[in-house]
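Please examine the sequence and the structure shown below.

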Amino acid sequence: VSLTLYDLAAADGRRFSPNCWRTTMALAHMGLAWEFRPTLFTEIAAIPGGGQKTVPVLDDDGTVIGDSWTIAEHLEARYPERPSLFGGETGKRLAWFVQQWAIAQLHTPIFGMIVADIHDRLAPADQPYFRASREKRLGGRTLEAVQAERETALPAFRAALAPLRLTVESQAFLGGAAPSYADYVVLGPFQWARTMSPFRLLAEDDAVAAWLGRCLDLYDGRARRAPAFY
Ligand SMILES: N[C@@H](CCC(=O)N[C@@H](CS)C(=O)NCC(=O)O)C(=O)O
């Protein structure tokens, strides 16, 4: 098996992309070996195979696949003898729901709370692209102005974690006793934050923080060992 993962890299090489962390954890879950290709935002279009607009991109023995969900489906189908990411079709469809929930309730608010910190840690070649594309997405506001509101935004963000909090108070992982793809989807945006920003999203005594700790420890602490602020 020859697997290559194209993953965003910051100026110092650290891996921060929430969508790429989904794939990293999926590969670790399956016990597969892979090679990282650190990639800048401004290098995505040049990924071999061509036509990619986002990462992660996985090259599996010459088959080039974009989009983290498509990659997870590919891995599940291609390596059926490995530990399952979804635990069957019902688990897969529920993980899809978790992904939509995470994009709305985690990615979107976290983006605003760390967006200037992300910018400041990107390679100089990426910074003008990131600022222009993200300020457009933010309706013309500056990255700094949006991030300055993070203390105000934090209570609503934490309150919206209630469904996650109540779930992981009574079970170790989202699918029960063992981790599955749904956990990696939720881990992604928290990993994005802790790798790129010193701003603490969670109170230390939050059950979500305990769940996050369990995820960071998985597979020899793969996510915990990554360069991060805390
Ligand atoms: N649906 C895609 C989304 C991937 C995505 O948006 N990746 C971001 C990095 S986290 C990206 O590559 N953005 C490129 C850009 O903004 O130019 C997936 O799940 O893989």
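## The sheet and its hairpin

In strand S4, Gly66 is the bridge partner of Val57. The model is a predicted one, in which local features need pLDDT of at least 70 and side-chain atom pairs count only at pLDDT 80 or more, while totals for chains, interfaces and linings use all residues. Residues are numbered from 1 along each chain as its sequence is written, and side-chain values use heavy atoms, with hydrogens and water left out.

Helices (H or I, at least four residues) and strands (E, at least two) are DSSP runs, numbered from the N terminus. Two strands pair if DSSP finds at least two bridges between them. Strand S3 (residues 57–60) and strand S4 (residues 63–66) run antiparallel and are joined by four bridges. These two strands form a hairpin with two residues between them. Asp61, in the turn, has a positive phi of about 50°.

Strand S1 (residues 3–8) pairs with S2 in the parallel sense over five bridges. Within this pair, Arg37 in S2 is the bridge partner of Tyr6. Strands of a sheet pair through backbone hydrogen bonds, either parallel or antiparallel.

## Helices against the sheet and each other

Axes are lines fitted to C-alpha atoms, for helices over the stretch in contact, and angles run from 0 to 180 degrees between N-to-C directions. Contact means heavy atoms within 4.5 Å.

Two packed helices are described by the angle between their axes and the distance between the axes. The table gives these values for two helix pairs.

| Helix pair | Angle between axes | Distance between axes |
|---|---|---|
| H1 (residues 18–29) and H9 (residues 207–225) | roughly 70° | within 11 Å |
| H8 (residues 181–196) and H9 | about 90° | 10 Å |

H8 is thus roughly perpendicular to H9. Angles under 35 degrees count as roughly parallel, over 145 as roughly antiparallel, 65 to 115 as roughly perpendicular and the rest as oblique. The residues of H8 that make this contact include Tyr184, Leu187 and Phe190, and those of H9 include Trp211, Leu212 and Tyr219. By class, the contact of H8 with H9 has twelve nonpolar, one polar and three charged residues. Here Ala, Val, Leu, Ile, Met, Phe, Trp, Tyr, Cys and Pro count as nonpolar, Asp, Glu, Lys and Arg as charged, and the others, Gly among them, as polar.

H1 and H9 are likewise roughly perpendicular to each other. Trp21, Thr24, Met25, Ala28 and His29 in H1 meet Cys215, Leu218, Tyr219, Arg222 and Ala223 in H9. This contact of H1 with H9 has seven nonpolar, two polar and one charged residues.

## Buried residues

Buried means under 20% relative accessible area, exposed over 50%, and partly exposed in between (1.4 Å probe, protein chains only). His29 lies in helix H1 and is buried, with a relative accessible area of 11%. Residues up to four places away in sequence aside, His29 touches Pro83, Ser84, Leu85, Pro179, Ser180, Tyr184 and Tyr219.

Tyr79 is located in the loop between helix H2 (68–78) and helix H3 (89–121). Is Tyr79 buried or exposed? Its relative accessible area is 4%, so Tyr79 is buried. Beyond its neighbours within four places in sequence, Tyr79 is in contact with Val1, Leu3, Met30, Leu32 and Asp60.

In H2, the buried residues include Trp69, Ile71 and Leu75. The elements that cover the buried residues of H2 include H1, S3, S4, H3 and H8.

## Backbone features

Most residues other than glycine have a negative phi, and most peptide bonds are trans. The peptide bond from Val55 to Pro56 is cis, with omega near 10°, and Pro56 is found in the loop between S2 and S3. Asp67 has a positive phi, near 75°. This residue, Asp67, sits in the loop between S4 and H2 and is partly exposed, with a relative accessible area of 38%. Tyr219, in helix H9, has a positive phi of about 55° although it is not a glycine. With a relative accessible area of 25%, Tyr219 is partly exposed.
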